[in-house]
Amino acid sequence: MSARPNVRFEVPPNGVQSPSTSPEFIFDLSKSDDGSSEKTIEQDSPVENRELPNWNAPPNRWNQRPKSMPWSSRPHQLREKRRPRWYRDLVVDSFVIFISFPFFIVAAVVVALNGRQVNDTILSILKQAINGAATLFPIFFAYVTGRAAVKFATWKLEQGSSLGLLEQLMGSRTVASSITTQVHLRKFNLIGLGLIVLWSLSPIGSQAVLYILEAPLSPVISEVNVSYINTRQQSYAAPDGIFKGTWFSGFTMLFGSSLLAPTAVKASSMDLWGNVKIPYYSSVINTTAKPDENGWIQIEASANLSYSSLFGVPLSGIGFGNTTVTIESSYLQLNCTEQSHTNSNHPVDAQGRPVPFNITTKSTLISATGPFLSNDSVNPASAFALGYQGVDAVALAKPSDSSGLVWTYPQSCPDCLGEDLTTPEPGVLLYQEFDSQDNATNVFCTPFQVYVESSVTCEKDDDTQVCKVTAQRLSRLPHNPTSITYLSFREVVFGVSALVPNLSPLADNNPAQRYLYDPFSTDSIIAGASSNLLGDQTPLALENISLSDFGERLGQILNTFIYGSMYNTTAYTIGGSFDGMVDKLVGGNAASFVPASQAEIQEMIQNQTAAFTVPATLEAQIRIYKASFQWIGIFLFATSAMLFSAVGGVIFSRNTVVPDYLGYVSSLAKESPWVRMPDGGANLDGMDRARLMKDLRVRLGNVDEGRGEVGRLAFARMEETGVARKDSFYV
């Protein structure tokens with residue numbers, strides 16, 4: 001007989017004898033050319049009364065076999081090109097090569113987006129792709145690299161190799177196993193080191209991809225245009241003009257709200273409606289900061305500033321981020337130098353007898369005829385009165401046309417008078433506060449018009465907008481002498497004297513007067529006592545206020561009133577669109593929405609343009625794609641290692657003739673002398689053979705069970721082995 005040409009089955013007589021004592025029957029499980037099974041029995045002993053095994057019978061304890069013949073026993077070429085297998089190999093080889101391409105694409109997209117503004121949709125897709133890459137990378141890496149190791153080991157096995165090298169290759173399937181394999185083999189060489197490094201790239205690559213992209217908030221500086229209200233335009237404060245008949249009632253509501261605003265708002269850089277308030281330049285220069293070479297004084301965040309008005313300057317065009325814009329503005333500054341307390345209301349005659357009280361007026365100083373000019377005589381019920389003594393601006397203005405006439409109304413503003421005017425003597429503003437009918441407290445203040453240039457910074461996000469003046473200097477634009485103020489215009493003086501004391505419906509209980517006492521006490525402003533109600537014996541509250549504080553507070557009220565009297569500013573103060581100023585040529589020009597230079601702003605101030613548009617700088621905190629090229633490099637290195645492994649695996653596979661044996665239990669079974677399998681199938685790899693013989697039951701056990709004290713441990717069919725015992729000896 002030829003060596004192992006057939007499959008051998010030991011059949012017990014009557015199905016009960018042990019396999020070691022039963023006669024042996026040899027079956028040739030071959031196939032004819034037409035595919036039909038051929039069963040040739042060579043008999044070593046008589047078979048009378050024997051029940052021969054049936055190949056189609058179901059397996060039992062003594063007869064474990066496939067249900068059909070697993071493969072043909074005829075010879076085959078090792079690289080026989082069967083079309084299904086050829087297609088399969090092509091698909092697998094293509095898959096392992098192209099499997100790394102998506103990872104390269106992810107890295108390429110990240111590099112391409114570096115430095116660009118984040119799109120939320122794209123960012124979400126990228127994050128999902130990166131997380132997916134981190135999950136799939138070690139899986140694909142293990143598959144590709146493990147396959148390449150098997151293909152290389154099979155190629156080496158075909159060429160002839162040491163068992164140690166093959167064990168190195170087959171035992172290194174993870175980072176840990178690549179290390180432990182070298183330790184167990186006690187074989188440390190460059191191949192082992194390379195395997196450790198190669199497998200280390202699997203976790204490193206999967207972690208590196210998580211750090212290849214960030215989307216931090218980054219400052220991006222751009223040029224934008226910002227518009228703001230011209231606070232140097234004409235006032236319509238005349239008591240019988242359009243201000244009184246149109247938007248004065250709305251102004252009084254805003255004014256009252258500002259008087260009663262919380263302390264935090266009054267001390268804030270913005271008014272109730274988010275408009276930026278302009279600080280007194282006198283309070284800016286009193287800070288510890290010093291002017292730079294351009295005259296700018298940087299305002300510290302902790303600086304204690306006094307603001308020139310209860311209203312701020314409305315701005316339009318503020319974008320998200322930090323916007324820095326420079327604006328021109330002007331305000332009235334009161335320098336109060338004298339305070340007196342008299343009973344000049346009740347003069348005496350030559351004999352010292354009181355002159356009978358004149359019930360039509362409360363003051364002999366403030367009246368429609370002077371010496372301190374007002375719109376009318378002081379009402380006996382008034383708590384306070386205002387009068388002005390100074391040069392009339394009409395006498396200073398140049399003729400408006402060839403007729404020699406000077407037309408000032410409604411052009412009541414210092415910039416409406418033209419340039420190169422002579423400097424007049426400063427005027428004097430008198431504030432009188434009355435105690436019942438007997439006493440009056442007089443405060444004399446010198447008004448000046450202050451022109452400043454303020455650097456405003458606004459921080460805006462989805463929820464809030466915070467604006468504040470961060471630096472200030474005196475204006476570099478030409479302007480008239482500071483002694484010419486809005487009070488130099490008679491119509492403004494009449495409006496101030498007539499309307500300011502009547503901003504509250506209760507003349508003898510005026511919140512504006514109580515604001516002068518304590519601007520930060522809302523309770524006092526609402527319900528505190530005015531000097532008009534204190535009685536003759538009670539000291540006036542005004543006497544307890546310093547002249548500088550009084551000048552600041554009264555200046556805030558007057559500046560609020562003057563600004564409010566500019567054309568329809570009430571609507572813009574509460575956030576109205578600047579578009580409403582287009583084609584509104586009342587007393588001047590419409591708003592300009594074209595970015596203007598300093599020279600153009602000066603011209604527009606002279607033309608009484610309602611609002612200016614100036615260049616500004618926007619530093620937006622936007623999300624920018626930021627690629628980490630260090631991590632991208634690591635990730636690409638690991639991905640390239642996977643690609644090279646895939647290509648190497650394909651090359652070794654294509655250059656290997658023998659089928660895959662290594663790593664398959666079916667290969668071990670085929671080579672075991674105790675597992676008898678059909679001849680043939682030389683061109684089958686381990687997985688093909690395992691698929692065909694998957695029902696075969698095997699065991700690593702004692703194949704010499706019952707034959708002596710020392711057993712033989714071998715890989716054999718399950719029914720031909722005994723269970724290995726720990727207290728027995730084996731060879």
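Tutor: A residue is called buried when its relative accessible area is under 20%, and exposed when that area is over 50%. Please keep in mind that the model is predicted.

Ser227 lies in strand E7. Because its relative accessibility is 7%, which is under 20%, Ser227 counts as buried. The side chain of Ser227 makes a polar contact of 2.7 Å with the side chain of Thr613. Beyond its neighbours within four places in sequence, Ser227 is in contact with several residues, including Pro314, Leu315, Ser316 and Phe578. Phe593, Phe612 and Thr613 are also among the contacts of Ser227.

Strand E7 spans residues 217-229, and Ser235 is placed in the loop between this strand and helix H7 (242-245). Ser235 has a relative accessibility of 1%, so this residue counts as buried. A polar atom of the Ser235 side chain lies 3.3 Å from the backbone nitrogen of Ala237. Ser235 and Met566 are 331 residues apart along the chain, yet their C-alpha atoms are separated by 4.6 Å.

The protein as a whole gives these details a setting. It has 731 residues, and buried residues make up 47% of them. There are 19 helices and 22 strands. Among the contacts with a separation of 6 or more, 70% come from residues 24 or more positions apart.

We now turn to the disulfides. A disulfide is a covalent bond between the sulfur atoms of two cysteines. A search of the whole structure finds three disulfides. With the bonded cysteines counted along the chain, their pattern is 1-4, 2-3, 5-6.

One of them joins Cys336 to Cys445, with an S to S distance of 1.9 Å. Cys336 belongs to strand E10 (residues 321-342) and Cys445 to strand E15 (residues 439-460), so this pair ties together parts that are 109 residues apart in sequence. The torsion about the S-S bond of Cys336 and Cys445 is about 95 degrees, and the disulfide is therefore right-handed. Both Cys336 and Cys445 are buried.

Another disulfide is formed by Cys413 and Cys416, whose sulfur atoms are 1.9 Å apart. The link of Cys413 and Cys416 is right-handed, with 85 degrees about the S-S bond. Cys413 counts as buried because its relative accessibility is 0%. The relative accessible area of Cys416 is 18%; this is under 20%, so Cys416 is buried as well.

The remaining pair is Cys458 and Cys467, which form a disulfide with sulfur atoms 2.0 Å apart. Here the value about the S-S bond is 115 degrees, and the link of Cys458 and Cys467 is right-handed. Cys458 and Cys467 are both buried.

Technical notes. Residues are numbered from 1 along each chain as its sequence is written. This is a predicted model: local features need pLDDT of at least 70, side-chain atom pairs count only at pLDDT 80 or more; totals for chains, interfaces and linings use all residues. Side-chain values use heavy atoms; hydrogens and water are left out. Helices (H or I, at least four residues) and strands (E, at least two) are DSSP runs, numbered from the N terminus. Buried means under 20% relative accessible area, exposed over 50%, partly exposed in between (1.4 Å probe, protein chains only). A polar contact is a pair of N or O atoms within 3.5 Å; within protein, one must be able to donate a hydrogen and the other to accept it, and residues adjacent in sequence count only if both atoms are side-chain atoms. Contact means heavy atoms within 4.5 Å. A disulfide is a pair of cysteine sulfur atoms within 2.5 Å.
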